Amino acid sequence: MIIALAGNPNCGKTTVFNKLTGSSQRVGNWPGVTIDRKEGKVRGLKDAVLVDLPGIYSLSPYSMEERISRDYLLNEHPDVILNVVDASTLERNLYLTVQLMETGIPVVIALNMTDVAESKGIKIDPNALEKELGCKVVETVASSGKGMEGVRSALQSFGDIPGYMSFTDDVESVLERISSDIPDDVPAIHRRWTALKMLESDTYDGETKDQIYELEKKYGDTIDGIIVSQRYDRVCEIASAVTVRKKKDKTLTEKLDGLAVGRFTGIPIFVCVMAVVYGLAMLEGSPGQYATSWLNDYVGDVFTPWLNDVLVEAGVEMPILGLVIDGIVAGVGSVIGFLPQMIVLFVLLVILEESGYMTRVAFLMDRVFRRFGLSGKTFIPMLVGTGCGVPAVMSSRTIEGEMERKITSMTVTFMPCSAKLPVIALIAGALFGGSVLVALGCYFGGVIAVLMSGIILKKYGRLVGTPSPFIMELPPYHIPSVTGVVTATFQRAWSFVKKAFTIILLAAVLIWFLSTYDWQLNEVASTDSSMLASIGGAISWVFAPLGFGNWELTTATFTGLIAKENFVGTLGVISGFEDDPDGLFGWLASVVTASGAIGVLAFNMLCAPCFAAIGAMHRELGDWKTTGLAVSYQCGFAYVCSLILVQFGGLILGESVNMWYMGLAILAAIGLAYLLLSRKDITRESDGRCGA
């Protein structure tokens, strides 16, 4: 007899396996993959072999583990499935149970961790559960061995094939039609399962396709989403019917989650939390802004004059003096000056992550992201992206769906990483009075850009696919350790400092040289006559419609492609930060309007990331052609969004309007709206699914 052992991760399946097989175990790999395959003889049962399937949440083939489990059950034909169910999280575990029953293979339920459930005030009636499911249910506490004899007894006489859950009449009607088309060589016990998988794959033409399309219109979801939703409805009914909860005060986690992930309260709370975070880091009079002002004043009023005097007294020649003061100190110093704000932001974000709140946000965002062809798993790399774009792109590989994974790796750098924070702080301080709304706009603007891209990019044939289900453990809230917060903050801050004294320093030296000399290598009296001015001026017309058609901001934007911090460093060198009484803020406010500042910010937030992040994208996308298309999309998307924001923003702010540029903005807005709203997309044409 072959027994397949199945269950969710962390349900006690491994403990059950060890208790039933003892030392009679053999470990190898599943054919073609490196995932462990364990099997062993069941003690007390003659000729019974227990095969431990990977821990999974469902049989939908999104991950390698799910594909292994599904293929084994359908191709190897085990005699019975031993499904380990965590009694303390019954609803989540029963979703896999109803799928296992749909395979047509007899099922025995090991209702495990009943002691943990009782400690939470949860009592499950095993007889009622057995009646609801139509298969044997045995209460167990695998850690102590309780119930193992009952499991062995149930496996000896597991009974008939269990019934399966019924869907709504309209779904069942489509299933019956599909079942009639299934070849006769498919075993009878697998016919319903096969029909379900064929329905979810949605590869039909003709009348069946029309029926599926009508179902999708009726329920406002893709066909596999409809199936998942109805399964969960049935699971909730079962769990409610068999569970008795003792009257017990809610835990702090349960009370907080009622608000943090509430349908109507979750997102407003998240917006408020992020407003507080950016406010403490950047708002006028906040700890972050106060510390940044002090550091900038120290660099400009104390350190720079002191260093200048030291070098003059040492007899340093003027070119070298200019390099150090006007190049290195002005370039690196203008970037390092924002470090205190970044440290405050890092501390607050780490606290949110370590406390368990950001996990709730990812769960919450699944409701939003799924409507745009993505899942909540996309939000996890986006959270990572607030630190650095490179690990954010790399973390997209944890997403099972190929379409989601590619779109995420192509768009996750829209989020404001630590390298972009100095740019945000510079623009906010120079033209918007340090308003926290600028930082919030960049953060949620990045989220919106990812969602818009989810709609646009999935219209491209190679990125067609279905969002993978979002399943994540929600750990209890806890107070982060001081050591953990300090360590994580130090790592992020140190990474920023290292970049400032390597890449930024080298770029500052180059910018100083190009802005100090002309093409004949003569020192110029004004940067307007420099090599840098001529280079920037030759291409600045490209950015004129975006409100910053001057060579200074054009040059800074291009150097920002090496590392985003270079944007600030470049302007620090060009402006002569240490000599300007109003500092870099005052200089920037004199060369760009409010709408132009919006264009500068929008383009630099959304355009191609730094070279390191582009390299990470290449590793995830697999070839330079696809990477080039991704970078081109990012730059084009950034240009269009910036153009629309600048021209319509300038109109709202009462600034003078260039009718040619406004015309371009109107055409860009129409084109973007068409891409977002058009239902004539490759997704619909290729696989019949609803458009976004």
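1. In this predicted model, Thr 516 touches Asn 522, Glu 523, Val 524 and Ser 530, with residues up to four places away in sequence not counted. Thr 516 itself belongs to helix α23, which spans residues 503-516. Its relative accessibility is 12%, and Thr 516 therefore counts as buried, the cut-off for that class being under 20%.

2. Phe 432 is found in a loop, between α20 (421-431) and α21 (436-457). Its relative accessibility is 27%, so Phe 432 is classed as partly exposed.

3. When its neighbours within four places in sequence are set aside, Phe 432 is in contact with Ile 427, Val 438, Ala 594, Ala 597 and Ile 598.

4. Helices α12 (residues 266-282) and α15 (residues 339-355) pack against each other at an angle of about 155 degrees, and their axes lie 8 Å apart. The two helices are therefore roughly antiparallel, since angles over 145 degrees fall in that class. The crossing of α12 past α15 is right-handed.

5. Which residues meet where α12 packs on α15? From α12 come Val 273, Met 274, Val 277, Tyr 278, Leu 280, Ala 281 and Met 282, and these meet Gln 341, Val 344, Leu 345, Leu 348, Leu 349 and Leu 352 of α15. By residue class, this contact comprises 12 nonpolar residues, one polar residue and no charged residue.

Notes
Residues are numbered from 1 along each chain as its sequence is written. This is a predicted model: local features need pLDDT of at least 70, side-chain atom pairs count only at pLDDT 80 or more; totals for chains, interfaces and linings use all residues. Side-chain values use heavy atoms; hydrogens and water are left out. Axes are lines fitted to C-alpha atoms, for helices over the stretch in contact, and angles run from 0 to 180 degrees between N-to-C directions. Helices (H or I, at least four residues) and strands (E, at least two) are DSSP runs, numbered from the N terminus. Angles under 35 degrees count as roughly parallel, over 145 as roughly antiparallel, 65 to 115 as roughly perpendicular and the rest as oblique. A crossing is left-handed if the near helix is turned anticlockwise from the far one by less than a right angle, and right-handed if clockwise. Contact means heavy atoms within 4.5 Å. Ala, Val, Leu, Ile, Met, Phe, Trp, Tyr, Cys and Pro count as nonpolar, Asp, Glu, Lys and Arg as charged, and the others, Gly among them, as polar. Buried means under 20% relative accessible area, exposed over 50%, partly exposed in between (1.4 Å probe, protein chains only).
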